[in-house]
Structure formats: structure tokens, C-alpha cells
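Here is a protein chain to look at through a few questions.

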Amino acid sequence: SRATVGAGAEKLSHVAALAVDGKLSTAWLARANDQRRTWTMRIGRPLSTAVLIVHPAMDGGKLGPLAQVKLIEVLVNDEDRHVLVMPGNGVAGRLRFDSEIEIERLELRVISLQQAEPGKTSPFGFAEVELQRAGG
């Protein structure tokens, strides 16, 4: 089963698929001026999921300091809405669903950011997006 991953405005060297490559050292990064602020994944076969874990991108490398994601709207299968509050300081955000749900489509929309520098708009993104079953 293949997953199709996409995003709004992404940096060419930091495409959306890097958020699901199993490596925290790579990341999807959106352009600083991305108005949609959205990352999506469509899964070929529904995935039974109890916990969504989002690891924030921390290292912009040549791009400089990154803005940090504060609040994410999570849309599951185009109908089930949740809000994920990111803890900050590079800590992964966790969203535990009431019960395991079958995820076919996942959309993460960044609602608010904390800019790296006052008065400056910086890129932002996710190092990794994980879907875990009950019990890990």
C-alpha cells in the first residue's frame, strides 16, 4: 500500500514526503510565505491508528532559523476534526484518538506559528509524522 503525500508551498529540497521517510534528520519545510500551511497524506489502504505523533522540524540548515508550529488542525478522512497543541522546544506533539480509527486521508493545517525572529517570517515544517496503533 502506497501513501501519497503532498503540501502547499514546499521547499524543493524539503518535500512533503520527507515527513514520512522514517528519519528525524530530514523534514518537510513550507515556504515562509505559504498561505495554505497544509500537509496531506492519502493512504492506499486504511491504517488503524490510535495516536498521531508530529515531530517539529528544528533545523533549517542554510535556510536559517525555523518558525515553530504552535497549533495544528488535524482533519481525518475529510470529516473528523481535532486540534493538536504542540508542546514547543522541539518536543513532538501527540494526539490520542478516543478509539482506534481507520485513516485513509490525513490533513494537517498549521493554525499558528511562533516566528524565529520578531518581524521576520521564516519557513516551518515537520520532521516526521507518525501514525501508531494502540500499544505503540
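The questions below go from the whole chain to two single residues.

Me: How many helices and strands are there in the protein?
Reply: This is a predicted model. From the N terminus on, its elements run β-β-β-β-β-β-β. The count is 0 helices and 7 strands.

Me: What radius of gyration does the protein have, against that of a compact globule?
Reply: The C-alpha atoms fill a box of roughly 40 × 25 × 25 Å along the principal axes. For 136 residues, a compact globule would have a radius of gyration near 14 Å. The protein agrees with this, at 14 Å.

Me: What share of the contacts between residues at least 6 apart in sequence joins residues at least 24 apart?
Reply: Contact here means heavy atoms within 4.5 Å. Among the contacts in the protein between residues at least 6 apart, the share that joins residues at least 24 apart is 73%.

Me: Is Arg 37 buried, partly exposed or exposed?
Reply: Arg 37 is found in the loop between β2 (28-30) and β3 (38-56). Its phi is near 50 degrees, a positive value in a residue other than glycine. Buried means under 20% relative accessible area and exposed over 50%. Because its relative accessibility is 24%, Arg 37 counts as partly exposed.

Me: Where does Asn 89 lie, and is Asn 89 buried or exposed?
Reply: Asn 89 is not a glycine, yet has a positive phi of about 55 degrees. Asn 89 lies in the loop between β5 (80-85) and β6 (93-114). With a relative accessible area of 79%, Asn 89 is exposed.

Notes: Residues numbered from 1 in each chain as written. Predicted model: local features only at pLDDT ≥ 70, side-chain atom pairs only at ≥ 80, totals over all residues. Heavy atoms only, no water. Helix = DSSP H or I, 4+ residues; strand = E, 2+ residues; numbered from the N terminus. Buried < 20%, exposed > 50% of the residue type's maximum accessible area, 1.4 Å probe, protein only. Rg over C-alpha atoms; globule rule 2.2 N^0.38 Å.
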